[in-house]
Amino acid sequence: MTLHRGPLFPTDADLCSTKPRKSPKPIKRFGPYKDVKDLLEVHIDLVSEAFIRSVREQLDKFRADAAFWESATCYSVEVKELNGADVEVHFDASKYVWDEERRFLFHNLVFLTQNHMQDFVIGLVIGSDKEQLKKGSAIIKLIRGVDAKGRGKFLELDAQPYLNRKFTLMESRAFYFPHLHVTNALRRDLKDLKNAEAPLADFHDEIVFSRVQNPPEGPLYLQSFRKMRLDASESKSLNKKFQTLQRAMSSSQRNALKSVLTHRVALVQGPPGTGKTYEGCKIAEYLVELKKLPYDLLPGPILVVTTTNHSVREFLSRCLDFSDKVIHGYSQKHDKETYGPLQDQYNRDMSSSERLKLMRSADVLSMTTTRAAYIRPTLDSLHIKVVIVEEAAREMEGFVLASIPRGAQHLILLGDHKQLRPICDNALGYSHHLTLSLFERLINNGVTCPMLNEQRRMRPEIADLIRSIYPALTDHESTRNRPPVEGVDLRVPVFFLDHQEREVQDGSGFYNPWEAKMVAMLCHYLLVQGHPAEEITILAAYRKQIACISKEIEEIRGTRFGIRVCTIDGFQGEENTIIILSLVRSNPEGKIGFLREDNRTCVALSRAKNGGPLPLKCRHGRTIGGKSPAHFQKALCCVCRVHAAVQNAQAFLDKGQDLVEKTEESLTKLEDELETRNPQPGDHETRDGLKGRLASLKKSVRNWGYKKMQAEEGSQLVDEWFKEGLIHCEDTDEALQVKILNFRGLNRIPAPSSGDMGLGVAIYGFMDVLVERWKPTWKRLAHEIKKYFNST
């Protein structure tokens, strides 16, 4: 019998650290479970307990440490009436970073208190789009539990006693929505064990009893297929497809495909850059070919589940090469995408029966494991025979089990247990093996797992960093003899920089201001050397460092300029040409937190295709060793500085044009409202003031655009002078200005236009000076517009 018998919801007893709690049974690393009931009960209890313990530890820290009350993880809010149990909370949005941090997640729990969590009321986030949050509000439902009889129905709390009062609000660090619906799905499976079509029925030997089939038994639908007598054309078409797929695969990928087709529970390990997602799509392509045969082998779609919507998009985009009958089964709150006619229909409003029929007709249906658990009753009715789990080694076993529909006959797990493991932010991860995925547990118990061994991502010198983890890893020919990285004076473009600048702790997270500035300057330097923004990715070990780095980049360049900054964990399965890695931790005690895990190190070291640059050599020949942010500024020669100024000018121009568009939208909205409602005091003054600001802003943008155009023309001349040997890398700003004035006397510069300050001034006269002078203008205008948006 489970310890957690009802739907997951934290009670007062759950969250009281002084009361002893029964410990759930751990996941079995080796050996069998007693039966399916035993397996399901273990995972219901562990997934539930993982959430409860995370919240309890967070509350204990809140109660014990006054500094936590003022950290960026808490909010001072005022509760306002909305509708029934739904209330709106208001807070000062300027204290928080919204673009890089996940806050007020939909259907997460929040805790409101007036006495430092000695007692509290619980709310459920139900309205929190980013623009709303930036204005300082979110909508929550005050609740007291979950109705055990109704799927996902919450028991509401009377909001009246809490209206127009101020509270401190803390959002749960562990995300409630996935834990709730995964345990709901597992409970339904537990309840239905006696049904004719029991959950996991075809996988009991491998998943429950840890038995390895020798010789292996393929899934039932393939056993039936092999007994069929195909006509000549069907046989020829299928053989041709299989041969075509094999020609497009490496030797290890071909072996993995054969293994998948002969095991009902099939594993494939894909080290970094070896084409794990590619392999999964080729498996799906062959199965779609089988699905086309007139024998109803696969009556439902092939279900692909994975950890993130990004992974879903990556998989389905590749599937479009062989089918347009694919659907991303996201919720209606998700941003709409298109993968073909079925997805377009799915995106429309339709009845449940219509959507069910649509999903049943798809070749490939893909979603996150959380979404699959949430709509499990729907998936159970789709006659799904094949489930492919992407990034299977990253997901908790309970989440995978909750994603497998009734009647599934073929489970294909693609992953790599040497990379990121499931995340559990409390001691249960180690004591009860919650960081052990189903993928790794099956390997521990002897299930066959072929490994893809040819990588096509990294230069061999970068791949050498992880060869101790993957001794059999080989390099495809395309990874060799790649051109050097522009701006880098290294034979092997890999460099590690050691420093002693201290980290800063904020709540449970860390950031390192010096390191953030260093990373931002390096990124700026590489952009000036001509590297496209989309070829550079910055990885940070902590989420709070992302906001810090983004702020520094905007300080230097006026905008993020398309640079992607994300966590190490969020980048598994992806790659880029240049990776800048910020590890953040720096303290006298040598504490490195979760960076001690080899799996996370493996991901961090294997993301780059070209490498991290140091020492530096600009494209005009200036060489310098970069060991601090100031060194990167010195590494830009006079010609680079001109190009950097032009890039900054473009960034500010883009920002100005964006402000113009937003101001025009806001003005149009206000004028439309004035036509449909009675004017309020100050409405017309607000409109007139906004019109004035808009006119001023447009004028500023026009002037800035003109200067930017002059600067671009000037930078072309500077390039020509450099090639002719008239200016040199080491020229200072002052020396360059003198040369420009001399060149004008020699008629090497066109005469200035009417009303122009002179092209020399526009070139450098200097663009950095102009940029610095204009920064306050842009900031002031941005602040005024933001203030107006907040007031309306």
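Here are a few questions and answers on the sheet and the salt bridges of this predicted model.

Q: Which strands sit at the edges of the open sheet of 6 strands?
A: Look at the strand order, which runs β8-β13-β12-β9-β11-β10 with parallel pairing. An edge strand pairs on one side only. That picks out β8 (265–269) and β10 (326–328).

Q: Which residue in β11 is the bridge partner of Thr 306?
A: Strand β9 covers residues 302–306, and β11 covers residues 364–368. The two pair in the parallel sense over 5 bridges. In β11, the partner of Thr 306 is Thr 368.

Q: How many residues apart are Arg 406 and Asp 192, whose side chains meet in a salt bridge?
A: The N to O distance in this salt bridge is 3.0 Å. Arg 406 is in the loop between α14 and β13, while Asp 192 is in the loop between α3 and α4. So the pair links distant parts of the chain, and Arg 406 is buried at 11% relative accessible area.

Q: Is Glu 440 buried or exposed?
A: The side chain of Glu 440 meets that of Arg 421 in a salt bridge (3.0 Å, N to O). Arg 421 lies in the loop between β13 and α15 and Glu 440 in helix α16, so the pair ties together parts 19 residues apart in sequence. Arg 421 is partly exposed at 26%. Glu 440 has a relative accessibility of 13%, and because buried means under 20%, Glu 440 counts as buried.

Notes: Residues are numbered from 1 along each chain as its sequence is written. This is a predicted model: local features need pLDDT of at least 70, side-chain atom pairs count only at pLDDT 80 or more; totals for chains, interfaces and linings use all residues. Side-chain values use heavy atoms; hydrogens and water are left out. Two strands pair if DSSP finds at least two bridges between them. Helices (H or I, at least four residues) and strands (E, at least two) are DSSP runs, numbered from the N terminus. A salt bridge is a side-chain nitrogen of Lys or Arg within 4 Å of a carboxyl oxygen of Asp or Glu. Buried means under 20% relative accessible area, exposed over 50%, partly exposed in between (1.4 Å probe, protein chains only).
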